[in-house]
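Here is a short note for a colleague who is opening this structure for the first time. Please read the points with the model on screen.

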Amino acid sequence: MTRTVVRTLASQVDTSLTAWIDATVSFVSTMVDRITPATTDADRDTVRLLTGRIDTSPVVTEPFAEWVLEDAFPAGRPAWDLVGARLVDDVRPYEQRKLWLLNAGHSLLAYTGLARGHATVAEAFADPACRTMLDELWDAARPVVPLPAGEVDDALATLRERFANPRIEHRLAQIACDGSVKLGVRVLAVARARRAAGLPAAPVHALVVGAWARHLSDESGSDPGAEALARALAAADTPREQAALLLDTLAPDLRDETDLVATLEQALAGSSQTV
């Protein structure tokens, strides 16, 4: 996106500038992974007590941090790897790993955890019902994350520690916002990748979408981009109609996944025993 904006502006100034940018400038794609919950008044009070300073926007975060960059630096490679950054040829597998494991897991815990009375990721992760569903989500993503199996296993082991950390009060209500934007790249992209790999549809993906739909009916204000969908879902007569509305909105190309559609209909009908 940055490349597009800069090149467009440059072409309006001088076409030779665009050619120079193409030849000598790199727009490095990156992936950053670190859980940073929304700042609360309690966080501000803690900072004031510990430092004596008033900070209106302190960032409270977990110990874990990861920064992955595509190794494309025409003016010379910076030595950021010496302080923990990882330079790779293609950042996309690492972005998919984060989206399909961490972010998808967060969305699942948000919609299932809130429905079960939990407030934070750590609380939902400690719930056996949520945890079982989360393991199913990770099992579905494992074979299509485009990284070595050992690296995926290591990432999952780390995620289990991170999600269980009670000192990071990552609020489920924060994560649950804007599901209409998040679920496509976090959850249904995995369903799409499984189909491309010749693997069967995983029921857990439909269950997450169904949990989001139920959350949307109760908390429509959490997703301004889905207000029209929420009204249409409320007006729909049957779970089949609701399932069609959801997939038309989130992933029209998955409408022919009969197992996915059937599981989604069951979830919407309230027959799922997982949530």
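Which backbone oxygen lies 2.9 Å from a polar atom of the side chain of K182? Point 2 takes this up.

1. **Ground rules.** This is a predicted model: local features need pLDDT of at least 70, side-chain atom pairs count only at pLDDT 80 or more, and totals for chains, interfaces and linings use all residues. Numbering runs from 1 along each chain as its sequence is written, and side-chain values use heavy atoms, with hydrogens and water left out.

2. **K182 and its surroundings.** The backbone oxygen is that of C177. K182 itself sits in helix α9 (residues 179–196); helices here are DSSP runs of H or I with at least four residues, strands are runs of E with at least two, and both are numbered from the N terminus. K182 is buried, at 19% relative accessible area. Buried means under 20%, exposed means over 50%, and partly exposed lies in between (1.4 Å probe, protein chains only). Beyond neighbours within four places in sequence, K182 is in contact (heavy atoms within 4.5 Å) with Q174, I175 and C177. D33 is 149 residues away along the chain, and its C-alpha atom is 16 Å from that of K182.

3. **D178.** This residue belongs to the loop between α8 (172–176) and α9. D178 has a positive phi of about 60°, although it is not a glycine. Its relative accessible area is 32%, so D178 is partly exposed.

4. **Overall build.** The protein chain has 13 helices and three strands. Its C-alpha atoms fill a box of roughly 60 × 50 × 40 Å along the principal axes. Of the 275 residues, 41% are buried. Among contacts with a separation of 6 or more, 67% are between residues 24 or more positions apart. The accessible surface is about 14500 Å², and carbon and sulfur atoms hold 53% of that. Areas come from the Shrake-Rupley method with a 1.4 Å probe; for residues, only the protein chains shown count as cover.

5. **Helix α13.** This helix covers residues 258–268, and its buried residues are L260, V261, T263, L264, E265, A267 and L268. They pack against α10 and α12 (239–250). Just after α13, G270 takes a positive phi of about 85°.

6. **H205.** Look for H205 in helix α10 (residues 203–218). Its relative accessibility is 1%, so H205 counts as buried. Leaving out residues up to four places away in sequence, H205 touches L137, A140, V187, V190, A191, R194 and L260.

7. **Salt bridges.** The count comes to 20, where a side-chain nitrogen of Lys or Arg must be within 4 Å of a carboxyl oxygen of Asp or Glu. One of them joins D41 and R44, at 2.9 Å from N to O. The two are three residues apart in helix α3 (residues 41–51), so about one helical turn separates them. D41 is exposed, at 55% relative accessible area, whereas R44 is partly exposed, at 27%.

8. **Bridges between elements.** R240 and E265 meet in a salt bridge at 3.4 Å, N to O. R240 is in helix α12 and E265 in helix α13, so the pair ties together parts 25 residues apart in sequence. R240 is exposed, at 59%, but E265 is buried, at 18%. D253 forms a salt bridge with R195, with the closest N and O atoms 3.2 Å apart. D253 lies in the loop between α12 and α13 and R195 in helix α9, so this pair ties together parts 58 residues apart.

9. **Aromatic pairs.** What is the arrangement of the rings of W138 and F163? A search of the whole structure finds four aromatic pairs, with ring centres of Phe, Tyr or Trp (its six-membered ring) within 6.5 Å; planes under 30 degrees apart are stacked, over 60 edge-to-face, and the rest tilted. The centres of W138 and F163 are 5.9 Å apart and their planes are at 40°, so the pair is tilted. W138 is in helix α6 (residues 128–141) and F163 in helix α7 (residues 149–164). Both are buried.

Conventions: A polar contact is a pair of N or O atoms within 3.5 Å; within protein, one must be able to donate a hydrogen and the other to accept it, and residues adjacent in sequence count only if both atoms are side-chain atoms.
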